[in-house]
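Point out what is worth looking at along the way.

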Amino acid sequence: MMRSEFTGKHMAGILVAGFGIVIAVNFYMASLAIGGFGGVVVENSYVASQKFNGWLEQARESELLGYSASLARDVDGRLLVTTEKVPQSALLTAALRRPLGKPEDMRLQFEQIGEDRFVSTDALPEGRWIVRLAIDAGDSRWVTETEIP
């Protein structure tokens with residue numbers, strides 16, 4: 001029985017193959033990470049930091065209104081909003097975005113279908129969405145953000 005000798009060429013081949021696998025996996029994982037990133041959260045983080053206290057004040061004022069809203073899809077795929085303590089003359093709008101994958105945005109308008117019940121004029125495509133619902137009543141504005149599966 002004859003054994004071949006382990007040489008430097010064998011070791012070099014093992015090292016090249018091992019590092020090649022590591023590099024290939026890194027490139028694959030980086031491509032997945034880049035493909036799943038929907039874009040920029042804020043254009044300029046310094047400017048956003050300067051506006052942060054104003055956003056907090058708006059949130060406090062919004063909480064004082066006492067509004068609440070629950071969202072669901074109806075059988076037609078439209079967005080159904082049930083509100084509490086919202087004036088009858090309120091105007092509802094929603095900005096939607098996909099939380100993952102290819103960026104996709106849309107806006108919805110609502111019509112009132114009963115006391116404290118609103119439905120979107122357009123159907124919502126299937127999949128997960130982050131909904132930023134705004135309720136405008138006179139000079140007051142109330143905003144909430146939730147996910148619709």
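Phe 27 is exposed, with a relative accessible area of 61%. The cut-off for exposed is over 50%, so Phe 27 falls in that class. The model is a predicted one. Phe 27 sits in helix 1, which covers residues 8-35.

Together with Phe 6, Met 11, Ile 14, Leu 15, Phe 19 and Ile 23, Phe 27 makes a nonpolar surface patch of about 760 Å².

Now turn to the aromatic rings. The structure holds one aromatic pair. Its members are Tyr 67 and Trp 142. Tyr 67 lies in the loop between helix 2 (45-64) and strand 1 (68-73), while Trp 142 belongs to strand 7, so the pair ties together parts that are 75 residues apart in sequence. Both Tyr 67 and Trp 142 are buried, in contrast to the exposed Phe 27.

Strand 7 spans residues 140-148 and pairs with strand 6, residues 129-137. The sense is antiparallel, and the pairing runs over nine bridges. Trp 129 in strand 6 stands opposite Ile 148 in strand 7. In a regular strand, side chains alternate between the two faces of the sheet.

The two strands form a hairpin with two residues between them. There, Gly 138 takes a positive phi near 65°.

Terms used: Residues numbered from 1 in each chain as written. Predicted model: local features only at pLDDT ≥ 70, side-chain atom pairs only at ≥ 80, totals over all residues. Heavy atoms only, no water. Pairing = 2+ DSSP bridges. Helix = DSSP H or I, 4+ residues; strand = E, 2+ residues; numbered from the N terminus. Phe/Tyr/Trp six-rings, centres within 6.5 Å; stacked < 30°, edge-to-face > 60°. Buried < 20%, exposed > 50% of the residue type's maximum accessible area, 1.4 Å probe, protein only. Patch = residues over 30% accessible without salt bridge, like charges linked within 9 Å, V, L, I, M, F, W, Y side chains within 5 Å. Areas by Shrake-Rupley, 256 points an atom, 1.4 Å probe, with all protein chains shown as cover. Salt bridge = Lys/Arg side-chain N within 4 Å of Asp/Glu carboxyl O.
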